[in-house]
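How is this protein chain put together, and what lies inside it?

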Amino acid sequence: MQAKEIKDKLKSLIEQASSIDPDLARRLDEINRWVKNIRPGNLTAKPFVLAFLLEVITDSTIWLIIKSLPSPEEQKAKFEQMTPNERYWYGYLFPRWINASDSKFYIWKQKLMSGEFNRVDNDIIRSIAQDVVQREGSFWQRYIADLSMATDLIISSRNNQPLCIQVTSVSEELNQYKYQAWQNTLRSWEIERGLFLSYNPKNANFVNQLVNVALFNSDYLSGGKYLKF
């Protein structure tokens with residue numbers, strides 16, 4: 001989808017959402033005001049902004065399909081067709097983001113637009129995701145989860161229980177501060193459990209170790225727990 005198509009689709013979704021979910025319409029209008037004065041060529045030069053917009057369009061389209069279903073039974077049936085991670089996203093976290101006050105949204109919109117945003121651990125996160133899939137688990141990744149909810153990946157293992165994880169290579173001195181901020185963020189979004197994974201890139205086997213910990217805790221970590229490894 002080209003930049004102009006993305007902007008047109010955003011406007012179309014705002015109109016559609018206004019009668020189905022006014023809170024979503026309000027959130028999308030906020031995003032539209034953020035990008036409406038940017039020329040398509042300039043928008044194309046901002047790949048992270050485009051990627052975020054495409055995710056929001058996808059998520060909003062799916063959400064409006066669900067909300068448009070005429071009965072709770074049909075909505076439930078739609079959720080049952082999804083993977084556990086999709087169900088957690090569309091059934092819980094995405095609607096929370098639509099309705100909640102997102103204190104970080106203003107800040108990270110600026111960072112995305114200015115080019116300050118970069119996923120420094122992206123290669124590591126991709127390796128973790130690939131390893132999770134190879135072990136018959138599944139993962140979910142969203143800019144909103146990353147930037148607002150301190151969640152690099154949502155993963156599920158055999159028991160199909162989604163777990164929010166953050167991955168970092170920060171030094172030990174900064175680790176505790178970042179861990180506390182992460183824990184506070186998860187609590188503020190009422191995410192019931194999470195895993196904060198710190199790694200040493202000099203350890204050749206660290207991806208395997210992180211995935212072992214993540215998959216195990218996906219199955220067995222109890223609610224109300226926010227663990228650091």
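Accessible areas here come from the Shrake-Rupley method with a 1.4 Å probe. By that method, the protein chain in this predicted model has an accessible surface of about 11,800 Å², and carbon and sulfur atoms account for 50% of that surface. Of the 229 residues in the chain, 46% are buried.

The secondary structure consists of 11 helices and five strands. The chain's radius of gyration is 18 Å, close to the 17 Å that the globule rule gives for 229 residues, so the chain is as compact as a globular protein of that length. The C-alpha trace spans about 50 × 45 × 30 Å along its principal axes. Among contacts with a separation of 6 or more, 69% are between residues 24 or more positions apart.

In soluble globular proteins, nonpolar side chains tend to be buried together. The largest nonpolar core here has 53 residues, and Ile-31, Phe-52, Leu-53 and Trp-89 touch the most other members. Several helices supply at least two residues each, including helix 1 (3-20), helix 2 (22-35) and helix 6 (84-99). Helix 4 gives the largest share, nine residues. Leaving aside residues up to four places away in sequence, Leu-53 touches Ile-6, Leu-10, Ile-31, Trp-34, Val-35 and Leu-43.

A second, separate core has 20 residues, among them Ile-165, Val-167, Leu-197 and Leu-215. Leu-215 is also one of the buried residues of helix 11, which runs over residues 206-220. The cover over the buried residues of helix 11 includes helix 8 (122-134), strand 2 (153-156), strand 3 (163-168), strand 4 (193-198) and strand 5 (225-228).

Technical notes. Residues numbered from 1 in each chain as written. Predicted model: local features only at pLDDT ≥ 70, side-chain atom pairs only at ≥ 80, totals over all residues. Heavy atoms only, no water. Core = buried A, V, L, I, M, F, W, Y, C linked by side-chain atoms within 4.5 Å. Buried < 20%, exposed > 50% of the residue type's maximum accessible area, 1.4 Å probe, protein only. Helix = DSSP H or I, 4+ residues; strand = E, 2+ residues; numbered from the N terminus. Contact = heavy atoms within 4.5 Å. Expected span 1.5 Å × (residues − 1). Rg over C-alpha atoms; globule rule 2.2 N^0.38 Å.
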